[in-house]
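Please look over the sequence and the model below. The notes that follow are a short briefing for a first reading.

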Amino acid sequence: MLEVIALDARDALAAVAGGADRLELVGTMDQDGLSATVEQVEQIRAVSDIPIRAMLRDRDGFTPQNKEQLRRSARELVAAGVQALVVGWVRDGHFDTETLVEVVREVPEVELTIHRAIDHVADYGRGWQKILQVEQVTSVLTAGSAAGVEVGMDNILTQAANPRIADLMMIGGGLRLEHIDRLKAAGIRKFHVGSPVRGGSFNNPVDPDLVRVWVEATR
């Protein structure tokens, strides 16, 4: 399964043309990706029915700025037709399940992707145990380390020995094609890319030919 970061309908169409399975929709890539908007969802829905997971993040780092606004955005994005929300916060070095539950309590039916907040906790294994307590979680975007997949590979493989965790893992963040075979051998089947399908820069649109390369590698 390949998930591609999208910013607009043009990105969505290119991802679809390249064979991507779903989108992570972000409003802007400033500060590593901030909340998607209803307008973006509507524009993509006008041209494609590809599954959309929408970012819900209102500031740099992994603490919320305005929980009420995040709750409102969650309701609006789900009503606009996203399949899942992309969320995750850290408090005092621990994965913050309390904030997570508070923000999404009014959309209990929606699936959740935990984004790379998991890579910023003090104890990676303990962070996973807290995530496993949240029933709505169906994917966890992780590089195993805040420094990226190359550094975090051992963490990824250690946790992937648990089949439940391996099933949730979606690897992204410094992911390279040469990492794929080792990750697949560990039972991981979900992968996430952004700049690698844009010629290395978010200043470029998604390139369907590059998406095809990644789709073939991750199948």
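The model is predicted: local features need pLDDT of at least 70 and side-chain atom pairs pLDDT 80 or more, while totals for chains, interfaces and linings use all residues. Residues are numbered from 1 along each chain as its sequence is written, and side-chain values use heavy atoms, without hydrogens and water.

**Helix 3**
- Helix 3 spans residues 67-80 and has 14 residues; helices are DSSP runs of H or I with at least four residues, strands are runs of E with at least two, and both are numbered from the N terminus.
- From first to last C-alpha, helix 3 reaches 20 Å, close to the 20 Å expected, where the expected span is 1.5 Å times one less than the number of residues.
- The N-terminal end of helix 3 is capped by Asn66, which has a side-chain oxygen 3.2 Å from the backbone nitrogen of Glu68.
- Gly81 follows helix 3 and has a positive phi, near 115°.

**Barrel**
- Eight strands form a closed barrel in the order 1-2-3-4-7-8-9-10, with parallel pairing; two strands pair if DSSP finds at least two bridges between them.
- Neighbouring strands of this sheet are turned by 30° against each other on average, direction ignored.
- Strand 7 (residues 111-114) and strand 8 (residues 137-142) pair in the parallel sense over three bridges, and Ile114 has Val140 in strand 8 as its bridge partner.

**Helix 6**
- Helix 6 (residues 149-160) has 12 residues, but its end C-alpha atoms are only 14 Å apart, short of the 16 Å that a straight helix would reach.
- The buried residues of helix 6 are Val149, Gly152, Met153, Ile156, Gln159 and Ala160.
- They cover an arc of only 150° around the axis, which puts them on the same side of helix 6.
- Exposed residues (over 50% relative accessible area) on the face turned away from that buried side are Val151, Asp154 and Thr158.
- The buried residues of helix 6 are covered by elements including helix 5, helix 7 (163-168), strand 9 and helix 8 (180-185).

How values were computed:
Polar contact = N/O pair within 3.5 Å; in protein donor to acceptor, adjacent residues only side chain to side chain. Axes fitted to C-alpha atoms, helices over the stretch in contact; angles between N-to-C directions. Buried < 20%, exposed > 50% of the residue type's maximum accessible area, 1.4 Å probe, protein only. Arc of directions from axis to C-beta. Contact = heavy atoms within 4.5 Å.
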